[in-house]
Amino acid sequence: MPSPLIRRRYTAAQARRRYLLSFVVVLGIATSALLFTSVLSAKNTGKLFISTDIAPVHSLVSMITGNTAQVDLLLRNGQSPHDAHLKPSDARNLQNADLVIHIGGNLSPQIDRQINSLVKTDKVITLFDVEKTHHIKDLTDHTDPHVWLDIENAKLWLQHITNVLKQLNPDELALYEKNNQMAQQSLTELSQLIASKLAPVAQVPFIVQHDAYGYFVNTYGLNNLGAITGSNGHHASAATLKSVQALSEQAVCVFADVGEPTAVIDVVNEQKQLSVGLLDPVGMRLDPGASLYSELLNTMADSFLQCLQ
Ligand SMILES: [Zn+2]
(Lines give C-alpha, C1' and ligand atoms only; values in the text may rest on other atoms or scores of the structure.)
Protein backbone atom coordinates (compact mmCIF):
# COMPACT_ATOMS: atom_id res chain seq x y z
CA MET A 1 0.00 0.00 0.00
CA PRO A 2 1.43 3.41 -0.88
CA SER A 3 2.45 5.59 2.04
CA PRO A 4 0.17 8.59 2.77
CA LEU A 5 3.32 10.67 2.21
CA ILE A 6 3.36 9.77 -1.45
CA ARG A 7 1.69 12.49 -3.41
CA ARG A 8 1.71 12.76 -7.15
CA ARG A 9 3.33 15.88 -8.48
CA TYR A 10 1.09 18.13 -10.50
CA THR A 11 0.76 17.91 -14.23
CA ALA A 12 1.03 21.19 -16.13
CA ALA A 13 -2.76 21.21 -16.64
CA GLN A 14 -3.41 20.76 -12.94
CA ALA A 15 -0.93 23.52 -12.16
CA ARG A 16 -2.74 25.86 -14.56
CA ARG A 17 -6.10 25.01 -12.98
CA ARG A 18 -4.76 25.71 -9.52
CA TYR A 19 -3.18 28.95 -10.70
CA LEU A 20 -6.50 30.16 -12.13
CA LEU A 21 -8.16 29.21 -8.90
CA SER A 22 -5.79 31.54 -7.05
CA PHE A 23 -7.36 34.52 -8.87
CA VAL A 24 -10.73 33.44 -7.60
CA VAL A 25 -9.27 33.34 -4.13
CA VAL A 26 -7.87 36.85 -4.48
CA LEU A 27 -11.42 37.94 -5.24
CA GLY A 28 -12.34 36.61 -1.85
CA ILE A 29 -14.51 33.74 -3.02
CA ALA A 30 -12.35 30.87 -1.73
CA THR A 31 -9.95 30.68 1.17
CA SER A 32 -7.61 27.77 0.45
CA ALA A 33 -5.74 26.05 -2.40
CA LEU A 34 -3.65 29.12 -3.09
CA LEU A 35 -0.58 28.82 -5.24
CA PHE A 36 2.26 31.28 -5.05
CA THR A 37 5.38 31.93 -7.04
CA SER A 38 7.81 29.70 -5.17
CA VAL A 39 5.44 26.76 -5.00
CA LEU A 40 4.46 27.24 -8.62
CA SER A 41 8.02 27.31 -9.84
CA ALA A 42 8.76 24.13 -7.89
CA LYS A 43 5.75 22.39 -9.42
CA ASN A 44 6.56 23.63 -12.92
CA THR A 45 10.05 22.18 -12.75
CA GLY A 46 8.69 18.90 -11.36
CA LYS A 47 10.51 19.44 -8.10
CA LEU A 48 9.22 18.69 -4.64
CA PHE A 49 8.47 21.75 -2.54
CA ILE A 50 9.65 21.26 1.04
CA SER A 51 9.10 23.82 3.77
CA THR A 52 11.52 23.94 6.73
CA ASP A 53 11.54 26.09 9.87
CA ILE A 54 15.12 26.96 10.90
CA ALA A 55 18.34 27.17 8.86
CA PRO A 56 19.96 24.03 10.37
CA VAL A 57 16.92 21.96 9.33
CA HIS A 58 16.95 23.59 5.89
CA SER A 59 20.61 22.55 5.65
CA LEU A 60 20.07 18.92 6.66
CA VAL A 61 17.19 18.53 4.20
CA SER A 62 19.23 20.15 1.41
CA MET A 63 22.09 17.71 2.04
CA ILE A 64 19.77 14.87 1.02
CA THR A 65 17.67 16.48 -1.72
CA GLY A 66 20.50 18.09 -3.68
CA ASN A 67 18.70 19.97 -6.46
CA THR A 68 15.77 17.54 -6.68
CA ALA A 69 13.65 19.75 -4.42
CA GLN A 70 13.00 23.37 -3.68
CA VAL A 71 13.66 23.68 0.05
CA ASP A 72 12.02 26.74 1.56
CA LEU A 73 13.26 28.35 4.79
CA LEU A 74 10.61 29.98 6.98
CA LEU A 75 12.81 31.72 9.59
CA ARG A 76 15.03 34.13 7.75
CA ASN A 77 16.31 37.59 8.63
CA GLY A 78 17.59 36.86 12.09
CA GLN A 79 14.28 35.90 13.69
CA SER A 80 14.68 34.03 16.98
CA PRO A 81 12.70 30.78 16.70
CA HIS A 82 11.23 31.25 20.19
CA ASP A 83 9.08 34.24 19.28
CA ALA A 84 8.92 33.88 15.49
CA HIS A 85 5.66 33.97 13.59
CA LEU A 86 4.88 33.51 9.92
CA LYS A 87 3.97 36.06 7.29
CA PRO A 88 0.72 35.34 5.42
CA SER A 89 2.73 34.36 2.30
CA ASP A 90 4.71 31.82 4.38
CA ALA A 91 1.49 30.38 5.73
CA ARG A 92 0.15 29.93 2.19
CA ASN A 93 3.39 28.29 1.04
CA LEU A 94 3.09 25.90 3.98
CA GLN A 95 -0.35 24.83 2.82
CA ASN A 96 0.98 23.98 -0.62
CA ALA A 97 4.17 22.21 0.41
CA ASP A 98 4.65 18.53 -0.42
CA LEU A 99 6.38 18.15 2.93
CA VAL A 100 6.94 20.33 6.00
CA ILE A 101 9.96 19.55 8.21
CA HIS A 102 10.35 21.41 11.50
CA ILE A 103 11.90 20.97 14.94
CA GLY A 104 8.76 21.08 17.12
CA GLY A 105 9.14 20.30 20.82
CA ASN A 106 7.93 23.80 21.72
CA LEU A 107 10.98 25.47 20.15
CA SER A 108 8.72 27.88 18.23
CA PRO A 109 5.28 27.70 19.84
CA GLN A 110 3.61 30.04 17.33
CA ILE A 111 5.06 28.39 14.25
CA ASP A 112 4.26 24.90 15.57
CA ARG A 113 0.65 26.02 16.12
CA GLN A 114 0.42 27.37 12.58
CA ILE A 115 1.89 24.19 11.11
CA ASN A 116 -0.54 22.07 13.12
CA SER A 117 -3.52 24.08 11.96
CA LEU A 118 -2.51 24.55 8.29
CA VAL A 119 -0.82 21.30 7.26
CA LYS A 120 -2.16 17.75 7.26
CA THR A 121 -0.25 15.62 9.77
CA ASP A 122 0.80 13.08 7.14
CA LYS A 123 2.80 15.83 5.40
CA VAL A 124 4.66 16.98 8.52
CA ILE A 125 7.90 15.65 9.97
CA THR A 126 8.43 16.89 13.53
CA LEU A 127 12.09 16.14 14.17
CA PHE A 128 11.80 16.44 17.95
CA ASP A 129 9.38 13.49 17.84
CA VAL A 130 11.32 11.25 15.45
CA GLU A 131 11.85 7.90 17.14
CA LYS A 132 15.17 7.60 19.05
CA THR A 133 15.77 11.39 19.02
CA HIS A 134 17.90 12.19 22.06
CA HIS A 135 16.38 14.70 24.54
CA ILE A 136 18.01 16.30 27.55
CA LYS A 137 16.86 18.54 30.40
CA ASP A 138 17.92 22.18 30.37
CA LEU A 139 19.56 23.83 33.40
CA THR A 140 16.15 24.39 35.03
CA ASP A 141 14.98 20.80 34.44
CA HIS A 142 12.69 21.43 31.46
CA THR A 143 13.12 19.52 28.20
CA ASP A 144 15.56 21.43 26.01
CA PRO A 145 14.18 22.04 22.48
CA HIS A 146 17.59 22.84 20.86
CA VAL A 147 17.84 19.21 19.71
CA TRP A 148 19.71 19.95 16.46
CA LEU A 149 22.85 20.86 18.44
CA ASP A 150 23.29 17.12 19.09
CA ILE A 151 25.08 15.85 15.99
CA GLU A 152 23.79 12.30 16.61
CA ASN A 153 20.23 13.65 16.35
CA ALA A 154 21.14 15.27 13.02
CA LYS A 155 22.46 11.94 11.72
CA LEU A 156 19.34 10.11 12.86
CA TRP A 157 17.12 12.67 11.13
CA LEU A 158 19.15 12.52 7.90
CA GLN A 159 18.32 8.81 7.74
CA HIS A 160 14.65 9.48 8.52
CA ILE A 161 14.39 12.27 5.93
CA THR A 162 16.06 9.98 3.38
CA ASN A 163 13.50 7.23 4.05
CA VAL A 164 10.59 9.65 3.60
CA LEU A 165 12.03 11.20 0.44
CA LYS A 166 12.58 7.75 -1.09
CA GLN A 167 8.86 7.11 -0.72
CA LEU A 168 7.86 10.55 -1.98
CA ASN A 169 10.12 10.52 -5.02
CA PRO A 170 11.32 6.96 -5.81
CA ASP A 171 12.91 8.18 -9.07
CA GLU A 172 15.71 9.74 -7.02
CA LEU A 173 16.12 6.88 -4.58
CA ALA A 174 19.76 6.18 -5.49
CA LEU A 175 20.73 9.84 -5.22
CA TYR A 176 19.09 10.21 -1.80
CA GLU A 177 20.89 7.14 -0.51
CA LYS A 178 24.23 8.33 -1.84
CA ASN A 179 23.74 11.83 -0.40
CA ASN A 180 22.75 10.37 2.96
CA GLN A 181 25.84 8.18 3.07
CA MET A 182 28.10 11.13 2.29
CA ALA A 183 26.35 13.35 4.83
CA GLN A 184 26.58 10.70 7.56
CA GLN A 185 30.29 10.24 6.91
CA SER A 186 30.98 13.96 6.87
CA LEU A 187 29.11 14.59 10.16
CA THR A 188 30.94 11.70 11.84
CA GLU A 189 34.27 13.23 10.80
CA LEU A 190 33.15 16.71 11.86
CA SER A 191 32.18 15.47 15.31
CA GLN A 192 35.58 13.79 15.76
CA LEU A 193 37.29 17.00 14.70
CA ILE A 194 35.26 19.11 17.15
CA ALA A 195 35.91 16.64 19.99
CA SER A 196 39.67 16.82 19.49
CA LYS A 197 39.55 20.61 19.09
CA LEU A 198 37.64 21.12 22.35
CA ALA A 199 39.29 18.45 24.51
CA PRO A 200 42.00 20.82 25.84
CA VAL A 201 39.40 23.37 27.10
CA ALA A 202 36.71 20.92 28.25
CA GLN A 203 37.21 21.72 31.96
CA VAL A 204 37.25 25.51 31.61
CA PRO A 205 34.11 26.98 33.25
CA PHE A 206 31.83 29.44 31.45
CA ILE A 207 28.32 30.86 31.49
CA VAL A 208 25.98 31.43 28.55
CA GLN A 209 23.38 34.08 27.80
CA HIS A 210 20.79 31.58 26.58
CA ASP A 211 20.31 28.02 27.81
CA ALA A 212 20.55 26.58 24.31
CA TYR A 213 23.83 24.67 24.31
CA GLY A 214 23.19 21.67 26.55
CA TYR A 215 23.30 19.17 23.67
CA PHE A 216 26.60 20.51 22.37
CA VAL A 217 28.03 20.92 25.90
CA ASN A 218 27.11 17.33 26.84
CA THR A 219 28.42 15.84 23.61
CA TYR A 220 31.87 17.39 24.03
CA GLY A 221 31.96 17.34 27.85
CA LEU A 222 32.22 21.12 28.31
CA ASN A 223 31.84 22.91 31.67
CA ASN A 224 28.79 25.19 31.49
CA LEU A 225 28.03 26.68 34.92
CA GLY A 226 24.79 28.48 34.12
CA ALA A 227 22.58 30.48 31.76
CA ILE A 228 20.95 33.89 32.01
CA THR A 229 17.81 33.23 29.90
CA GLY A 230 15.96 29.90 29.79
CA SER A 231 15.88 27.38 26.96
CA ASN A 232 12.49 28.82 25.93
CA GLY A 233 14.15 32.23 25.36
CA HIS A 234 12.19 33.90 28.18
CA HIS A 235 13.90 36.77 29.95
CA ALA A 236 15.77 36.20 33.18
CA SER A 237 14.22 37.10 36.53
CA ALA A 238 16.14 39.31 38.96
CA ALA A 239 16.82 36.21 41.08
CA THR A 240 18.31 34.32 38.11
CA LEU A 241 20.48 37.29 37.22
CA LYS A 242 21.78 37.38 40.77
CA SER A 243 22.61 33.68 40.89
CA VAL A 244 24.30 33.80 37.47
CA GLN A 245 26.28 36.80 38.66
CA ALA A 246 27.49 34.67 41.59
CA LEU A 247 28.40 31.81 39.20
CA SER A 248 30.36 34.20 37.02
CA GLU A 249 32.88 34.48 39.85
CA GLN A 250 34.17 31.02 38.90
CA ALA A 251 33.83 31.45 35.11
CA VAL A 252 36.44 32.62 32.64
CA CYS A 253 34.08 33.44 29.81
CA VAL A 254 30.48 34.46 29.11
CA PHE A 255 28.86 33.68 25.75
CA ALA A 256 26.37 36.07 24.19
CA ASP A 257 23.86 34.92 21.57
CA VAL A 258 24.05 36.35 18.06
CA GLY A 259 21.04 38.61 17.48
CA GLU A 260 20.11 39.02 21.15
CA PRO A 261 20.48 42.27 23.12
CA THR A 262 23.59 42.11 25.30
CA ALA A 263 22.33 44.29 28.18
CA VAL A 264 21.96 41.24 30.46
CA ILE A 265 25.54 40.24 29.72
CA ASP A 266 26.69 43.68 30.90
CA VAL A 267 24.69 43.31 34.13
CA VAL A 268 26.14 39.88 34.90
CA ASN A 269 29.59 40.93 33.81
CA GLU A 270 29.91 44.27 35.58
CA GLN A 271 32.03 42.95 38.43
CA LYS A 272 34.40 40.39 36.97
CA GLN A 273 34.69 41.57 33.36
CA LEU A 274 34.89 38.11 31.79
CA SER A 275 35.88 37.63 28.18
CA VAL A 276 32.76 37.69 26.01
CA GLY A 277 32.35 35.06 23.27
CA LEU A 278 29.60 34.91 20.66
CA LEU A 279 27.48 31.87 19.77
CA ASP A 280 25.04 31.46 16.88
CA PRO A 281 22.75 28.48 17.61
CA VAL A 282 20.45 28.87 14.55
CA GLY A 283 23.02 30.11 12.05
CA MET A 284 21.78 33.70 11.74
CA ARG A 285 25.20 34.82 10.49
CA LEU A 286 25.61 32.03 7.97
CA ASP A 287 24.32 31.67 4.44
CA PRO A 288 21.49 29.11 4.22
CA GLY A 289 22.37 25.99 2.25
CA ALA A 290 23.50 22.38 2.53
CA SER A 291 26.80 23.29 4.19
CA LEU A 292 25.28 25.55 6.89
CA TYR A 293 24.81 22.81 9.48
CA SER A 294 28.49 21.80 9.48
CA GLU A 295 29.60 25.44 9.43
CA LEU A 296 27.32 26.17 12.37
CA LEU A 297 28.84 23.42 14.56
CA ASN A 298 32.37 24.21 13.42
CA THR A 299 31.95 27.94 14.10
CA MET A 300 30.44 27.12 17.50
CA ALA A 301 33.44 24.93 18.37
CA ASP A 302 35.82 27.71 17.29
CA SER A 303 33.95 30.30 19.39
CA PHE A 304 34.17 28.07 22.47
CA LEU A 305 37.84 27.38 21.83
CA GLN A 306 38.74 31.01 21.26
CA CYS A 307 37.12 32.27 24.48
CA LEU A 308 38.06 29.34 26.73
CA GLN A 309 41.72 28.85 25.91
ZN1 LIG B 1 16.92 29.13 21.80
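Which residue in β4 does isoleucine 101 stand opposite? In this predicted model, isoleucine 101 faces isoleucine 125 of β4. Residues are counted from 1 along each chain, following its sequence as written. Because the model is predicted, local features need pLDDT of at least 70 and side-chain atom pairs count only at pLDDT 80 or more, while totals for chains, interfaces and linings use all residues.

Strand β3 (residues 99-102) runs parallel to β4, and 3 bridges join them; strands are DSSP runs of E of at least two residues, and helices are runs of H or I of at least four, both numbered from the N terminus. Two strands pair if DSSP finds at least two bridges between them. The open sheet holds 4 strands in the order β2-β1-β3-β4, paired in parallel. At its edges are β2 (69-73) and β4 (124-126), each pairing on one side only.

Helix α3 (residues 55-65) lies across β1 (48-52), β2 and β3, and runs at about 175 degrees to β2. Such angles, from 0 to 180 degrees, are taken between N-to-C directions of axes fitted to C-alpha atoms, for helices over the stretch in contact. Leucine 60 is in contact with Ala154, Trp157, Leu158, Ile161 and Tyr293, leaving aside neighbours within four places in sequence; contact requires C-beta atoms, placed from the backbone, within 7 Å.

Ile50, Leu60 and Ile101 touch the most other members of the largest nonpolar core, which has 75 residues. Such a core is a set of buried Ala, Val, Leu, Ile, Met, Phe, Trp, Tyr and Cys residues joined through C-beta atoms within 7 Å, where buried means 20 or more other C-beta atoms within 10 Å of the residue's own. Helix α11 (residues 292-308) gives the most to this core, 9 residues.

Terms used: A residue is buried if 20 or more other C-beta atoms lie within 10 Å of its own, exposed if 12 or fewer, and partly exposed in between; C-beta atoms are placed from the backbone. Two residues are in contact if their C-beta atoms, placed from the backbone, lie within 7 Å.
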